[in-house]
Every structure is written in structure tokens, then in C-alpha cells.
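Please read them with the model open beside you.

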Amino acid sequence: MSIHTSIELYDRALRKLVGGVNSPVRSFGAVGGTPIFIREGRGSRVVDEDGNEYIDYVCSWGALILGHAHPRVVEAVKNTAEKGTSFGMPTSLEVELAELLCEAFPSIEKVRLVNSGTEATMSALRLARAYTGRTKFIKFDGCYHGHADSFLVKAGSGATTLGVPDSPGVPALITAEVMSLPYNSLEAVEKAFEINEGEIAAVFVEPVAANMGVVLPKKGFLEGLRAITRKYGALLIFDEVITGFRLAYGGAQTEFGIDADITILGKIIGGGLPVGAYGGKADIMHLLAPEGPVYQAGTLSGNPLAVSAGIATLSWLKENNPYKELARKTKLLCNGIYGIAQKQGIPVQINFKSSMLTVFFTEEPVVDYTTALRSDRKQYAEFFHHLLAEGIYIPPSPFESWFISTAHRTEDIEKTLEVIDKGLLKLRKY
Ligand SMILES: *Cc1c(COP(=O)(O)O)cnc(C)c1O
């Protein structure tokens with residue numbers, strides 16, 4: 001397989017783009033080698049600039065639950081574009097997407113559309129602080145909530161990969177207000193509230209963590225967060241940027257039956273275009289401008305192209321309810337990998353939920369950030385490059401989720417397992 005065009009493009013990119021990319025994890029920093037430049041995608045596959053085809057298990061970091069270039073999404077974007085791409089005035093499309101979000105998430109009475117998950121989380125924090133009159137907040141180690149200053153404390157995703165949990169340029173004054181606690185530890189949360197009584201505005205959580213690799217909430221963890229935040233008058237903020245419309249149509253909160261105060265959405269709701277959203281109880285959202293004094297705005301917020309891609313995606317999901325089938329394919333892949341790993345004597349932990357999964361190269365169960373970081377990076381890098389060379393694209397970092405889309409077929413999974421069989425065999429030399 002030749003990737004000489006990607007190598008040339010990367011070289012050119014490095015001269016003018018910082019690190020050759022526009023988002024750090026794309027640079028293959030964690031696995032080494034040259035990022036492949038993508039020419040096009042269709043269904044479960046992407047094709048690089050040299051014409052090599054890959055089965056894609058990243059799917060734009062989970063945004064593309066219907067796979068690449070889904071006909072309904074493409075048509076919606078085309079039709080909308082022909083009528084104009086942005087107005088800075090309200091459109092019916094925004095109302096339609098808002099209605100779909102509120103219907104899917106019973107805890108969302110009112111919603112605000114923005115352009116990214118980062119924007120949604122930072123705005124939700126501002127709102128939570130205004131609503132409670134408190135400034136401190138809790139997040140969990142390894143959970144990622146976008147790159148706003150306040151959240152760059154033991155953040156997962158690219159921050160983990162690069163080994164820069166705290167970024168220079170973030171004032172200590174700001175992170176002094178953040179408590180990052182071990183995921184799945186209710187005791188730590190209870191203790192933080194006891195010590196800081198009356199000062200904590202909110203708890204932010206990925207209800208199923210996916211930015212340190214997939215880590216499931218222990219039984220009772222989310223329920224416990226709900227009870228503790230109620231007891232201390234703080235808001236429970238579910239960051240469902242990944243899990244929303246992924247775990248179930250109504251996200252993790254529907255799956256686990258938890259009533260969140262504010263929910264953050266992104267990725268899938270833009271159908272591959274830039275959209276984020278935050279919404280919740282009307283009395284909280286009511287504080288936002290123009291109804292209330294909490295300022296937050298956006299020139300391109302509710303952009304017609306992005307919103308129509310979101311509507312096309314959500315309406316397809318609503319009509320076709322693919323979640324059982326997605327879970328079946330994911331299980332097929334996970335069971336397959338586990339069986340092969342056992343046969344080859346390679347210790348792995350596979351965490352999965354619905355159509356998200358991570359293969360950790362470690363012997364102990366992965367239940368939080370500390371245990372996730374035990375995954376062998378060298379083994380993962382080798383595994384990644386074996387798969388890449390055989391036309392399978394998994395995340396270029398051991399601490400990210402793989403995603404299965406509705407476009408992945410059983411044959412894709414079977415082909416992947418064949419390649420993995422050979423890949424794990426190679427790892428036996430370690
Ligand atoms: C991706 C992600 C974000 C940030 O969204 P962007 O659109 O990349 O800014 C926030 N929270 C979670 C859980 C995410 O996975």
C-alpha cells in the first residue's frame with residue numbers, strides 16, 4: 001500500500017498548519033507515522049488521496065452514526081445550500097431541530113444551538129454558575145468536555161494522548177475552581193461537597209465516558225451523582241456530546257433513567273457538520289439572553305446547512321431505530337476480538353456499550369482514568385499500524401472510542417476480525 005500522496009500533503013501541511021492538522025489527535029502523535037489524508041467517504045469506508053480504502057471505525061469521532069455521505073444527509077445539505085447558507089435571522093430548520101432534541105430528551109425543555117461541543121460546555125458552565133450563584137465545579141479525571149480553559153484539568157481525549165493534562169495558557173485562577181475527581185468514585189464526590197458546602201455549582205459528567213477510551217459508569221454511580229447534587233443544591237450536567245443519539249435515541253439519560261438538569265449535545269446532532277447544543281429545565285435556560293442576563297451568542301449558531309444535516313440524521317434514527325442492530329454488530333466485533341486475544345494469549349480489556357468500544361491492552365479491568373492509562377501504548381501503536389496497512393482505520397490513540405455506524409455491515413466486521421487475528425498474532429513477540 002502506497003501513501004505517497006498523503007506523505008506529500010502532510011509535508012505541505014506541516015509548513016503552514018500547526019503540526020500539519022487542525023485538531024491535535026489527527027496528527028498520529030500517539031501512534032507515530034504519517035496521517036492519511038482523506039479524499040472521500042461512503043458508508044463505512046473512507047478512501048485516502050492515494051486511492052487506498054479503509055473500513056472506518058472512527059466515523060468523524062462518533063459524529064457519523066449513519067456513516068459517510070449518507071444520501072439523506074447529503075440531499076438535505078444540498079437542498080438547503082441552494083437556498084442560502086446563512087442568514088443571521090431565524091429559520092424554521094432551527095425550530096425543527098430544537099423540537100427533535102426536546103422530544104428525544106425529556107429533561108430538555110428548552111435548548112440553545114451553538115457550533116461545537118466546546119462552546120456548549122463552556123456556556124453551560126456559565127449558566128450553571130449564574131443559576132446557582134456558585135463558582136466551583138466538579139468534573140472527572142479522563143472526561144473530556146471540550147477545550148475551554150475551565151475544563152483542561154485531567155481532560156481526556158487529545159490531552160491524554162499528548163500527556164498534557166494541564167495546558168499552559170490556562171490561568172491557575174481558573175482551574176482553582178475545578179475539582180477533577182476519579183470517575184466512578186461517589187465517595188470522592190460526597191467528600192468534595194462536604195468540604196466545599198454551598199460553593200459547588202455543578203457536576204459535569206460523561207454518563208458513559210468515551211474520552212479515556214470507553215469506561216462504563218459503575219452501577220449506582222449516575223444515580224448517586226443525581227442524589228448528591230440534589231442534596232447540595234448543585235446542577236447535574238450530562239455531557240452527552242458522544243452518548244446523545246448514540247447509546248439510545250434519548251442518550252444515556254434515557255438508557256439509565258436519570259433526570260439531568262442540563263444536557264450537552266454535539267457530534268451526531270450535526271450529522272457531520274458543526275453543531276453543538278445545551279438544554280435543560282426551562283427555569284435554568286430562562287436565565288440565558290435574550291430571556292435573561294446570561295450572555296451567549298453566535299453569528300453562525302443554528303446554521304441552516306448544519307442544522308439540516310442534523311435533522312436528516314435524527315429523523316432517520318427516529319424512523320429506523322437502529323440501536324439493537326448497532327449493538328449486535330458491536331458485540332460481534334467485541335466478542336470476536338476477545339476470542340482472538342484469548343487464543344493468542346494477549347491480555348486485553350474490551351469495554352463497550354451500544355455502538356462504542358475500546359480495546360485496552362492491559363490485564364486489569366478499566367474502570368477509571370488510572371486503570372485506562374495502564375493500557376500498553378506501544379502495543380496499541382503496533383496494532384493500529386497493522387490494521388491501517390490492511391485497510392482498517394481505528395482511532396490513532398489508545399484512549400479513544402471506536403464507533404460503529406449503521407453503514408457497517410456484518411461483512412465489514414468479519415473482515416476486520418480476520419485482520420485483527422493476524423495483528424494480535426504479531427503482538428505476541430512482546
Ligand atoms: C467531542 C466532545 C466535546 C467537544 O466537542 P467539540 O465539538 O469537539 O468542541 C465535548 N464533550 C465530549 C464528551 C466530547 O466527546
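This is a predicted model: local features need pLDDT of at least 70, side-chain atom pairs count only at pLDDT 80 or more; totals for chains, interfaces and linings use all residues.

1. The chain is divided into domain 1, made of 4–69 + 322–429, and domain 2, made of 71–320, and the centres of domain 1 and domain 2, taken over C-alpha atoms, are separated by 25 Å. To the contact, domain 1 brings 35 residues and domain 2 brings 39 residues. About 3,000 Å² is buried between domain 1 and domain 2, and carbon and sulfur atoms give 67% of this area. Of the area that domain 1 buries against domain 2, 23% is supplied by Tyr 323, Lys 353 and Tyr 369, more than by any other three residues.

2. How many salt bridges are counted between domain 1 and domain 2? The count is one, while eleven residue pairs are in polar contact across the interface of domain 1 and domain 2, with both residues at pLDDT 80 or more. On the side of domain 1 that touches domain 2, the elements giving two or more residues are strand 11 (349–353), strand 12 (356–360) and helix 13 (369–372), and strand 12 gives the most, with four residues. The residues of that side divide into 23 nonpolar, eight polar and four charged.

3. Separately, the side chains of Glu 255 and Lys 353 meet in a salt bridge, at 3.3 Å from N to O. Gly 257 lies in the loop between helix 9 (251–256) and strand 9 (262–265), and Gly 257 counts as exposed because its relative accessibility is 61%, the cut-off being over 50%. Gly 257 and Glu 223 stand 34 residues apart in sequence, with 8.7 Å between their C-alpha atoms.

4. A search of the whole structure finds 17 salt bridges, and a few of these can be set out one by one. The side chains of Lys 110 and Glu 291 meet at 2.7 Å, N to O; Lys 110 lies in strand 4 (residues 110–114) and Glu 291 in the loop between helix 10 and helix 11, so the pair ties together parts that are 181 residues apart in sequence. Lys 110 is partly exposed at 37% relative accessible area, and Glu 291 is partly exposed at 44%.

5. Glu 364 and Arg 374 also meet through their side chains in a salt bridge, at 3.1 Å from N to O. Glu 364 lies in the loop between strand 12 and helix 13, and Arg 374 in the loop between helix 13 and helix 14 (377–389), so this pair ties together parts that are ten residues apart in sequence. A salt bridge of 3.8 Å, N to O, joins the side chains of Arg 39 and Glu 40, and Arg 45, Glu 53 and Asp 412 are linked in a network of salt bridges.

6. Which residues does Ser 180 touch, leaving aside those up to four places away in sequence? Ser 180, which lies in strand 6 (residues 178–181), touches Lys 139, Phe 140, Asp 141, Val 153 and Lys 154 on that count. The side chain of Ser 180 makes a polar contact of 3.4 Å with the side chain of Lys 139, and another polar contact, of 2.6 Å, joins the side chains of Ser 180 and Asp 141.

7. The loop between helix 10 (282–285) and helix 11 (304–320) holds Pro 290, and the peptide bond from Ala 289 to Pro 290 is cis, with omega near 10°. Asn 303 lies in the loop between helix 10 and helix 11 and is buried, with a relative accessible area of 15%. A polar atom of the Asn 303 side chain lies 2.8 Å from the backbone oxygen of Thr 85, and, not counting residues up to four places away in sequence, Asn 303 touches Thr 85 and Ser 86.

Conventions:
Residues are numbered from 1 along each chain as its sequence is written. Side-chain values use heavy atoms; hydrogens and water are left out. Domain bounds come from an automatic or database domain assignment. Contact means heavy atoms within 4.5 Å. Buried area is the accessible area (1.4 Å probe) that two parts lose on being put together, summed over both. A salt bridge is a side-chain nitrogen of Lys or Arg within 4 Å of a carboxyl oxygen of Asp or Glu. A polar contact is a pair of N or O atoms within 3.5 Å; within protein, one must be able to donate a hydrogen and the other to accept it, and residues adjacent in sequence count only if both atoms are side-chain atoms. Ala, Val, Leu, Ile, Met, Phe, Trp, Tyr, Cys and Pro count as nonpolar, Asp, Glu, Lys and Arg as charged, and the others, Gly among them, as polar. Buried means under 20% relative accessible area, exposed over 50%, partly exposed in between (1.4 Å probe, protein chains only).
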